[in-house]
Amino acid sequence: MAVVKTKTTVKTKSPVKNTAILFACGDFRLQNNQNCWLQQEVLESALTQTAKNFGYNLVRANVYNPLSQHGFITSRKECLETFATISPQSPLIVTNTNEFSSHNIVPFLLTHEGPILTVGHWSGSWQSVDGMLQLNGSLCKAGKQYSTLWSGDFTDRWFLERFEKWLKTGIVRFANPHVKPGKSLTVQTKDRQLGEKLANEIRVKKSLIGSFDVSSNRMYNTIVPPELLLPLGIYKEAFSQASLYAAAMMVPDDEARDVYRWVLAKGTLFNVGGDDQDSDLTLQQILLQCKTYIAAVRIADEYSCDAIGVPMLPAFKDLLPDSGFIEGLLNNSDRPPVRAQNGRVLFDNKPVIHFHRGDELAGVDALLHSRVAQSLGQSPETTQQELRWGDVDQTNNGKDFILTFQTDSGVPPQLLDLGWKGMNIVRQLPQFSKQGGGIMHGMCKSGEIVWSRMFMERGRLCMDIGRGRALKLQHEEVRRRRMLCTQDWTIMNAILTGVTKDNLVARNRSNYINVAYADTPKNADHLMAVKAAMVTALGVEVYLCGV
C-alpha cells in the first residue's frame, strides 16, 4: 500500500463536515513506538485513502515528533493538550500498531460526545488488535458506546462496507450469533449442585487476591472495583511493587541459585550467553528473576493471598528483568520449592496463581477455575493467551482456519508440549524490557481446552466461556506462524468451537483469554458445565460462546 500523507493536525474546535479525527495511541516504551511507527504510517495511509474514496477526510490529531521519532500519543498530558484542540462532537478514529496503554486516552474518550471507532490491523507482526481489544474492554466497562473494525490490508469488502457505514452513520454493530445466555446450557443436576456447592464454599471461606500497584498496568479494563468482587467472597489486598523489589533484593544468592539449578535439572534450556545486559540473556538476569520468584511466593504466603498479580511494566522496567520466566514457575503445581523461615514449604505442590500484567479479571477467573478443576481431579493450571493472528493451515490444503495465540508471560510447564523440557528460555526483546530477563520460547501442548474471559459491562461482572482444541501443527506451519508473529514468544494454535476469528474480535472485551486444559473431550465439557454453574451461582452473568 502506497503511503498517503494525512493532513497535519487539528486547529479548530468546530467540527468539520465529512471529517474525522485520527488518534494514534502509543506505548510508554519509546523503542516500541519507534519500531512500530513506519507500519503505523502505512495503516493511517490506507485508512486515509479509503475515507477519501468515500468522500471523507481524516485529520491527524497530533503531529510527528522528530525528537521521539514517532507520531504516537503516549501520555495523558499529550491527550489533554490534543483533546483541547478538537470539537467534542467530532467523529474520532483511534488506531495503533502496538500494544498501547488505554490508560492514557480512556478518560478523554469517556467525555467525548462524538462517535468513536476503534480500528485494528489484523496482523501477527504488530500488536494492533491487542491494543484495540484492550481499549474496547475499557470502553465497555465504562458504559461508553463505540464501534470497532479490523482488517488485514483495509481493502477487503467486509471492512469497506462497514467503514463506509460508520463514516455516514457513526455506528457499526455486530449481531454476535455465537453468543447465548449461560442458562441455555444443559447442565446435569449433579453438576449444577456441585457448582452451587463450590460457589457457596468460596463465599463462606473467602479469598484474597493481591495486586501490586494495579493501576500501573495502564489497562483500565482489567481493574475491578472491590464492590464487584465482594458478593463473590473475594477481597483485594493492595501491595506496592517497591515492597516486592525490596524483598527480592533481600533473597540470598544461594537460594536464587537453588531455584535455577532445580529448573535446569528438569531439562529446561537457558540460552545464556555473553555479558551485554542490553542484548544478551545473562546469568545475572536469571538469578534476579529467581529472587523475584522467591520474594513473590513469600509475600503471597505472608498475606494469605490465593492469587497475586505484578504488572512489572512500566513500574519495574528500569529496576528488574522481565517477569515472563517466573510467571510460568508461579503458575505451575510442580515448581521450585520456596521455604518459610521455619523450613515449611510454601504452597506445596500447588500453583501460586499469578495474573499477568496485573489483570485482576484473569486472576479471578484462574482462581475460580482452580477450585473447579481440583474438585474434578483436573489440572488447576491456566494460561493467559493473547490473540495475535490467524490463517488457514497451509500444510493442510487450507481447510482449517486456525487462530494463533501468544504470550510472553510464562506458560506453566504443565501446559507446554514436552513440559519442562519444552521450556526454552530466551531473552525478552529489548523494546519490551531494558533489563532483559528470560521468557519462555515454547509451544502449548495439544488437547481439549476450556477458554473464558471475564469482563465488566453495565456495572456487572460477566464471563464468556467456550470450548476448543489446541493443535499440534506441522513444523513448517508452526515456523511460518512464529515468523509472522513474535518469534520468541510461546505460541498456541487453536480452533475455538463455533467461534470464528471475526466472532472473537467483535465480542472479546480484552486482548487476553484464559485457557485451561482437560484430558478428554468429555471431561472438558464437564469442566465447562460445572464452572458455568458455579460462576452463575456467584452472581456473574455467564455467556456461552460457540457451544
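Keep in mind as you look around that the model is predicted.

Let's begin with sheets. Strands of a sheet pair through backbone hydrogen bonds, and they can do so in a parallel or an antiparallel way. Find the open sheet of 4 strands whose order is β8-β7-β10-β11; its pairing is parallel.

Along with helix α15 (residues 521-537), α12 forms a packed pair with an angle of about 125° and axes 10 Å apart. That angle is why α12 counts as oblique to α15. As for handedness, the crossing of α12 past α15 is right-handed. Which residues meet here? From α12 come Asp365, Leu368, His369, Val372, Ala373 and Leu376, and from α15 come His526, Leu527, Val530, Lys531, Met534 and Val535. Sort the residues of this contact by class and you get 8 nonpolar, 2 polar and 2 charged.

Next, pick out Leu185, which is found in the loop between β6 (179-181) and α6 (189-205). Is Leu185 buried or exposed? Its relative accessible area is 17%, and buried means under 20%, so Leu185 is buried. Who are its contacts, leaving aside neighbours within four places in sequence? They are Arg192, Met528, Ala529, Ala532 and Leu544. Take Ala532 from that list: Leu185 and Ala532 are 347 residues apart along the chain, yet their C-alpha atoms are separated by 8.6 Å.

Another pair of helices is worth a visit. Helix α3 (residues 102-110) and helix α4 (residues 128-142) pack at an angle of about 40°, and their axes are 10 Å apart. That makes α3 oblique to α4, and their crossing is right-handed. On the α3 side, the contact is made by Ser102, Ile105, Val106, Leu109 and Leu110, while α4 brings Gln134, Leu135, Ser138, Leu139 and Ala142. By class, the contact has 7 nonpolar and 3 polar residues, with no charged ones.

Back to strands. Look for β18 (residues 490-496): 6 of its 7 residues are buried, so the strand is largely enclosed by the rest of the structure. One of its pairings is with β13 (residues 401-407), antiparallel over 5 bridges, where Leu403 stands opposite Ala494 in β18. β17 (residues 460-470) also pairs with β18 in the antiparallel sense, over 3 bridges, and here Gly468 stands opposite Leu496 in β18.

Our last stop is an open sheet of 3 strands in the order β9-β14-β15, with mixed pairing. β9 (269-270) and β15 (438-441) stand at the edges, each with a single partner strand, so one side of each has no neighbour in the sheet. β14 (residues 424-427) pairs with β15 in the antiparallel sense over 4 bridges. To spot that pairing, look for Val426, which stands opposite Ile439 in β15.

Technical notes. Residues numbered from 1 in each chain as written. Predicted model: local features only at pLDDT ≥ 70, side-chain atom pairs only at ≥ 80, totals over all residues. Heavy atoms only, no water. Pairing = 2+ DSSP bridges. Helix = DSSP H or I, 4+ residues; strand = E, 2+ residues; numbered from the N terminus. Axes fitted to C-alpha atoms, helices over the stretch in contact; angles between N-to-C directions. Parallel < 35°, antiparallel > 145°, perpendicular 65-115°, else oblique. Left-handed = near helix turned anticlockwise from the far one by under 90°. Contact = heavy atoms within 4.5 Å. Nonpolar A, V, L, I, M, F, W, Y, C, P; charged D, E, K, R; others polar. Buried < 20%, exposed > 50% of the residue type's maximum accessible area, 1.4 Å probe, protein only.
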